Amino acid sequence: MKNKVWEIQGSFGIQNLKETERDESESLAPKEVLVRLTATSLNYRDYLMVIGTYNPRQKLPLVPCSDGAGVVEAVGSEVTLWKKGDRVLPIFAQKWLDGAPNMDKLRSTLGGPNDGCLAQYGKFSEEGLVATPSHLTDKEAATLGCAGLTAYNAVVNFGGIEPGSDVLCLGTGGVSLFALQFAKMMGARVIITSSNDEKLARAKTLGADETINYTTKSNWERDVRKHTKMAGADLIIEVGGAGTMQKSMMSVKPYGTIALIGVLAGGESSLSLYPILMQGVKVQGVIVGSRADFEKMNRAIEQNKMKPVVDKVFGWEEVPEALEYLQTGKHFGKVVVSWE
């Protein structure tokens with residue numbers, strides 16, 4: 001079987017991301033499923049993996065991209081969950097089916113250390129797939145596996161959100177906008193930040209209750225306090241990392257939660273831990289989620305007919321341009337690559 005893929009060859013860097021064709025066996029293990037992939041969405045992790053920052057010791061060549069969507073092409077002799085023609089989404093950590101993960105399960109991730117979804121075909125365990133929400137296109141659904149599920153776990157499983165809770169979302173990337181949508185689904189009030197007033201206006205149309213431009217209001221933690229009657233936010237979707245963590249700690253209410261998801265503004269810094277200690281703040285790292293979480297999220301998405309926010313769709317030949325566009329931070333929502 002000829003399988004067209006994009007792979008990082010030789011050494012890291014977008015310039016070393018090459019389109020190539022692999023010869024692969026058509027035979028399937030008894031519990032294996034062959035999926036004809038049609039789309040992937042780009043996460044910042046994918047960009048860091050390509051340039052070698054995420055894991056400098058990653059073995060090459062590697063097919064990047066953790067997210068995917070496609071259609072079942074063939075199934076192994078013992079597969080019972082799927083049939084040819086089913087629309088499916090691969091899960092990020094292929095062995096993480098339910099509950100808390102161990103290190104072995106966390107090493108089963110797509111797009112590094114294992115080959116990802118920037119390929120025309122992929123082979124997966126039957127339990128390494130979930131059904132695509134029926135009202136979504138593959139371009140839309142390809143955004144769910146990482147950004148969607150990370151936001152869902154942050155808001156629903158870790159956030160302790162109730163109707164009337166205050167949620168602060170930093171920025172208008174994929175995770176933050178998913179968190180906005182899930183928080184509104186649960187009846188929360190949402191404050192969102194951006195350096196761009198046009199993006200803030202668009203966030204309002206998605207349901208944001210308050211917006212803060214952090215370039216014109218550098219002490220944005222004060223505005224968060226004002227918008228929460230000086231109480232602080234119940235949950236903060238922290239995608240900046242060390243560069244914004246201090247302000248997040250000043251924005252959260254006593255016994256509130258900071259969901260630490262990204263390090264867009266830096267991964268290392270000298271931080272004062274006193275606000276966490278003195279106010280009983282919970283800092284929760286969020287690493288996507290299990291297959292069971294993915295299925296629960298998809299039921300909520302289908303029930304509410306929720307639509308992911310897709311900023312821009314690139315074609316198969318435009319993968320380097322798509323990664324460069326992601327790196328600029330100009331996007332509002334998700335960046336997608338589709339070849340169908």
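**The contact between the domains**

Author: In this predicted model, there are zero salt bridges between domain 1 and domain 2, although seven residue pairs, both members at pLDDT 80 or more, are in polar contact between them. On the side of domain 1 that touches domain 2, the elements that give two or more residues are α4 (144–157) and α10 (291–304), and of the elements on that side α10 gives the most, with seven residues. The residues on this side of domain 1 divide into ten nonpolar, eight polar and six charged.

As for the domains themselves, the assignment places residues 2–145 together with 289–338 in domain 1, and residues 149–285 in domain 2. Their contact takes 24 residues from domain 1 and 17 residues from domain 2, while the centres of the two domains, taken over C-alpha atoms, are separated by 27 Å.

The extent of such a meeting can also be put as an area, since the size of an interface is often given as the accessible area lost when the parts come together. Between domain 1 and domain 2 the buried area is about 1,700 Å², and carbon and sulfur atoms give 70% of it. Within the share that domain 1 buries against domain 2, Met297, Met306 and Phe332 supply 37%, which is more than any other three residues.

Taken together, the contact between domain 1 and domain 2 has zero salt bridges, seven residue pairs in polar contact, and a buried area of which 70% comes from carbon and sulfur atoms.

Definitions and conventions: Residues numbered from 1 in each chain as written. Predicted model: local features only at pLDDT ≥ 70, side-chain atom pairs only at ≥ 80, totals over all residues. Heavy atoms only, no water. Domains from an automatic or database assignment. Contact = heavy atoms within 4.5 Å. Buried area = accessible area lost by both parts, 1.4 Å probe. Salt bridge = Lys/Arg side-chain N within 4 Å of Asp/Glu carboxyl O. Polar contact = N/O pair within 3.5 Å; in protein donor to acceptor, adjacent residues only side chain to side chain. Helix = DSSP H or I, 4+ residues; strand = E, 2+ residues; numbered from the N terminus. Nonpolar A, V, L, I, M, F, W, Y, C, P; charged D, E, K, R; others polar.
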